[in-house]
Amino acid sequence: MGTTNSRSGPLTGLDVFIGGPIQHAILPNGFVGQLQEAISTAIRTVRQADGNVFSAHAAEEFGAKTESFTPDQVSVRDYRWMRKCDVFVPILPLLDDRTLRRTDGTHVELGWATAMGRPVVLITTQPFVESASHLLKGLHRVGAVHTIDFDAFTGNPELLITAVLDATRAQREAVGAGIPA
């Protein structure tokens with residue numbers, strides 16, 4: 001968990017990596033509006049609760065600066081964030097045809113999170129849509145995956161705080177008890 005400071009919100013000391021589509025969400029007229037709003041809401045919600053946010057969307061200004069980063073830089077940056085974070089929060093939105101928006105990078109990050117034992121708070125339509133892969137639908141069998149329905153989140157962003165606290169309960173209790181990492 002991140003270093004503590006004088007802040008005292010419910011997510012103080014937690015590093016939260018917020019992910020989701022970037023490359024396949026940059027359209028000729030700009031970034032997909034509904035997705036940008038959902039990711040911005042997640043970032044704002046975590047920050048208002050005094051959590052520390054890692055976000056490629058913020059770093060790349062929702063596609064405006066994506067071209068200024070190389071694949072090597074993005075891969076190393078995101079992998080470092082995954083190693084450092086306490087919880088991964090991917091946002092997987094649907095297209096108008098009710099299939100998942102393509103997001104290769106987020107799926108790689110889900111693999112990293114699971115392999116590293118990071119808890120995941122997945123924001124996507126529930127139940128999973130038919131187009132979701134078997135691996136995504138069954139990820140909770142091999143990792144600590146909590147889900148929030150996309151529409152429920154957009155209607156009540158505070159659900160994210162509760163889910164992050166639930167997902168990180170064991171590690172926060174261990175730190176509180178003085179159990180070394």
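**Close-up views of the sheet and pockets**

**View 1. Pairing of β1 and β4.** Four bridges join β1 and β4, which run in the parallel sense. Here strands (E, at least two residues) and helices (H or I, at least four) are DSSP runs, numbered from the N terminus, and two strands pair if DSSP finds at least two bridges between them. V16 has V53 of β4 as its bridge partner. The model is predicted: local features need pLDDT of at least 70 and side-chain atom pairs pLDDT 80 or more, whereas totals for chains, interfaces and linings use all residues. Residues are numbered from 1 along each chain as its sequence is written, and side-chain values use heavy atoms, without hydrogens and water.

**View 2. The open sheet.** Five strands in parallel pairing follow the order β4-β1-β5-β6-β7. β4 (52-55) and β7 (145-149) are the edge strands, each with a single partner, so one side of each has no neighbour in the sheet.

**View 3. The largest pocket.** A pocket is an open set of points on a 1 Å grid over the protein atoms alone, where a 1.4 Å probe fits, with protein on both sides within 12 Å along at least five of seven lines; lining residues have an atom within 4 Å of a point. The lining comprises 27 residues, with Q23, E60, V74, D78 and G105 nearest the centre of the largest pocket. β1 (15-19), α2 (56-59), α3 (71-84) and α4 (104-115) are the elements giving two or more residues to this lining. α4 contributes the most, six residues.

**View 4. The second largest pocket.** Its lining includes V32, Q34, P93, R98 and F150. α1 (33-48) and α6 (150-155) each supply at least two lining residues.
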